[in-house]
Amino acid sequence: MPDRREIDIEVMRYNPETDSEPYIQSFRVPFDEDTSVLMGLQYIKDHLDGSLTFRWSCRMAVCGSCGKMVNGVPKLSCKAFLRDYYPGKLRIEPLEHFPIVRDLAVDQTDFLEKLEAVKPWIIRKDEKPLSEGTYLQTPEEVSSYLQFSSCINCLLCYSACPQYGLDNSFTGPAALSLLHRYNADSRDEGKSERMPLVNSEEGVWGCTLVGYCSEVCPKQVDPAAAVNRGKVNSTMDYFLRFLTPRGGVDS
Amino acid sequence: MQVVSTDVAIIGGGGAGLRAAIAIAESAPELNVTLVSKVVPMRSHTVAAEGGSAGVTTEVDTLDMHFHDTVAGGDWLCDQDVVDYFVSRCTEEMIQLEHWGCPWSRQSDGHTSVRNFGGMSTARTWFAADKTGFHMLHTLFQTSMKYPAISRLDEYFACDLLVEDGRCQGLLAIEVATGDFVRVESRAVIMATGGAGRVFRQNTNAGILTGDGMGMAYRHGVSLRDMEFVQYHPTTLPGSGILITEGCRGEGGYLTNKDGNRYLQDYALGPVVTEPTPKTMELGPRDRLSQAFWHEQQKGRTITTPLGPAVHLELMHLGQRKLTERLPFIMELSKTFLGIDAAKQAIPVCPSVHYTMGGIAADGTTATALPGLYACGECSSVGIHGANRLGSNSLAELAVFGKLAGENAAAFAREQSPTTSSSLQSAADAAEARALAILARQDGSERLASVRDEMTQTMSDGIGIYRTADGMQATCDVLDGLVDRLAHVQLDDSNRAFNTEWLAAIELGFSLDVARAMAYSALNRRESRGAHVRLDEYDERDDHQFLKHTLATYEADAPPRIAYSGVNITRLPPAERVYGAAATATGDAANA
């Protein structure tokens with residue numbers, strides 16, 4: 001390689017079987033123009049220390065496995081490149097606001113529970129038989145939810161969210177985006193089942209409008225916009241409750 | 001050892017495994033389903049499929065045309081009864097996904113759209129922009145959450161099947177976070193672990209595609225079928241192998257060589273057309289396009305990039321608006337990994353290993369020869385892809401056969417008496433001991449990454465787009481030697497909790513078995529067909545000797561035993577595969 005250089009990568013280590021607390025270990029890693037941060041970690045694991053632990057899979061920014069804090073910023077490590085940090089060094093740490101399982105791998109259970117809690121599936125009163133074909137949905141109707149359906153569940157937004165860091169009962173950016181994704185889908189009739197969560201303390205009102213979630217999102221989902229629309233829906237829902245006998249939604 | 005008792009266990013949480021789980025929950029709500037996956041399901045590699053999923057919908061399309069395209073595309077090595085079943089179910093599955101919320105791209109009147117794809121005689125590929133697999137996977141994953149009967153073991157690594165009294169009755173898994181073993185006892189098991197592209201050096205596959213499920217079934221005596229048929233996808237990024245969807249060509253992209261010529265016209269794929277035309281030029285099948293690249297390279301007409309030879313995929317003439325709407329992920333990948341704007345610059349692409357046409361031998365109902373074990377999706381060989389899969393048939397396959405596997409495994413499970421723990425315990429204990437021995441080894445002399453890298457290098461060297469007896473034999477020899485070396489790998493990490501080095505060593509054992517099945521199957525197929533093309537004296541298709549499925553049977557450390565079985569040809573007798581002008585002339589493009 002014509003431009004082979006070396007960079008120092010500091011990695012946070014934590015082994016639950018032997019360590020009382022995390023510590024930093026430094027490695028020197030060769031890189032070129034195309035070496036991602038993930039590839040740097042893979043180099044360490046293959047050649048320097050096989051015990052370094054981190055998640056990865058697709059290495060093309062769509063599976064959502066490889067999020068890390070890179071110099072304090074939540075990033076997909078396959079989508080960040082060592083060249084952009086040189087001649088400085090990198091510090092790679094596990095995603096913030098999650099318990100560490102080992103080294104750079106965090107516990108994702110809380111997010112999975114929150115995802116399930118928003119009922120991320122199409123809810124209908126009557127299911128149309130498959131023999132009657134698809135539901136019609138214009139491109140405009142698709143565009144009202146498509147962006148929010150593009151979330152890869154990488155959890156970067158949770159690491160960016162100060163509210164989730166303070167109190168992890170907050171449903172959080174990705175799950176609220178997916179909640180809004182289904183509420184905004186013309187095929188769905190389940191809004192009334194999701195609004196109690198939207199309206200609750202753990203719902204959209206927990207958000208303090210920092211907007212860092214949208215900044216770090218690698219897929220331009222813009223969770224802050226989804227949360228804001230949730231706030232509009234929640235406000236409407238509140239007022240409509242006084243005006244209609246069955247409550248505001250779906251009417 | 002912790003024990004989980006369930007009715008049906010599914011290994012693999014990608015599209016096929018999730019579709020199977022939902023099918024069980026819907027068809028047999030009284031049964032419990034346990035979905036075991038080494039990654040949380042939405043990380044599965046279905047997520048990276050881009051271009052689309054086949055299903056006949058338009059007025060000019062017919063099931064017969066989809067059947068014909070698939071059988072001819074597979075160079076007649078497809079089981080035609082199974083292809084008939086497949087094509088007749090695809091559209092219903094696409095509609096089902098739509099009902100579950102999949103954001104299919106739409107026409108202005110609200111109906112779903114279809115696009116052209118390689119080797120298909122008309123537009124029949126449903127798509128969600130160029131993130132079809134992503135949307136299908138997340139739709140299936142999120143939908144699966146509504147069924148209380150489906151419980152998941154996320155990040156549990158399946159390391160062996162439990163076979164007792166001649167039937168599969170569960171599996172042994174390692175909880176990744178802790179390293180603890182769990183015995184999952186079930187009345188039936190569905191294997192849905194995806195492909196094995198990681199046995200090659202440059203491939204489009206995620207790191208998890210190490211052939212675990214194939215290896216597990218194979219070690220228990222189930223044959224791996226047609227493993228020599230490995231698909232090289234013609235348009236991937238040099239070096240990384242990152243996939244650049246065939247949808248680019250379906251939307252009208254061009255492939256050009258270093259002289260700017262659309263070179264596919266030189267390989268019986270012309271005439272040169274400016275609009276996407278079925279079975280013509282860039283819409284030829286993947287095997288032919290990857291072979292054409294190889295010839296261009298031999299002629300010195302490829303472009304040199306720092307990461308290897310390439311040709312140009314030109315999308316510039318499609319216009320920013322279409323690219324943003326139809327190919328947004330390709331635009332993002334080009335920007336991220338090449339630093340280019342694909343609306344203004346051509347994308348350098350080359351072939352990389354993409355798909356295993358073969359897999360765990362299963363019949364058209366997804367049943368394997370081992371009672372109680374079913375297989376679906378890329379890990380299986382149910383008989384629809386033959387010697388070369390057509391793009392967009394694999395996403396459709398995981399839906400159609402995932403559902404079928406779920407229904408059939410559920411029906412089987414209902415008929416079985418409950419498993420008795422004591423009989424399975426010793427099998428599980430033995431499997432646990434084998435896995436722990438890797439961890440406990442203290443006198444090993446080999447580094448895991450070295451063995452892995454030598455395997456992937458020799459597979460890419462010998463089992464390439466074009467093959468020779470000498471090259472394949474050399475690969476077989478190297479692989480044989482690596483079996484012993486793998487037994488001497490010394491891990492750096494002796495801990496149990498989240499020890500991914502340990503799991504990678506177990507994976508490499510599966511990969512090596514699968515690689516040997518591929519290499520020996522290839523060496524023994526003395527003809528050229530579909531994706532298996534030889535440069536030596538066997539450079540022609542030989543229906544007399546080899547219109548047969550290859551069956552590789554596990555022989556422990558010795559090379560696999562190779563045998564053959566018949567291909568079910570019901571109504572389309574073998575004929576010459578033709579594309580481009582010849583297809584139009586014979587009516588093949590429209591399949592009159």
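**Terms and values**

Reader: Why is A:Glu116 called partly exposed?

Author: A:Glu116 has 14 C-beta neighbours inside 10 Å and therefore counts as partly exposed; a residue is buried if 20 or more other C-beta atoms lie within 10 Å of its own, exposed if 12 or fewer, and partly exposed in between, with C-beta atoms placed from the backbone. This is a predicted model, in which local features need pLDDT of at least 70, side-chain atom pairs count only at pLDDT 80 or more, and totals for chains, interfaces and linings use all residues. Residues are numbered from 1 along each chain as its sequence is written, while chains are lettered from A and ligands numbered from 1 in the order in which they are written.

Reader: Where is A:Glu116 placed?

Author: A:Glu116 belongs to helix 2 (residues 109-117) of chain A; helices are DSSP runs of H or I with at least four residues, strands are runs of E with at least two, and both are numbered from the N terminus.

Reader: What makes helix 1 and helix 10 of chain B oblique to each other?

Author: Helix 1 (residues 15-27) and helix 10 (residues 393-415) of chain B pack at an angle of about 40°. Angles under 35 degrees count as roughly parallel, over 145 as roughly antiparallel, 65 to 115 as roughly perpendicular and the rest as oblique. The two helices of chain B, helix 1 and helix 10, are therefore oblique.

Reader: Which residues of helix 11 of chain B are buried?

Author: They are B:Leu424, B:Ala428, B:Ala435 and B:Ile438. These residues lie on the same side of helix 11 of chain B because they cover an arc of only 60° around the axis, taken from the directions from the helix axis to the C-beta atoms.

Note on methods
Axes are lines fitted to C-alpha atoms, for helices over the stretch in contact, and angles run from 0 to 180 degrees between N-to-C directions.
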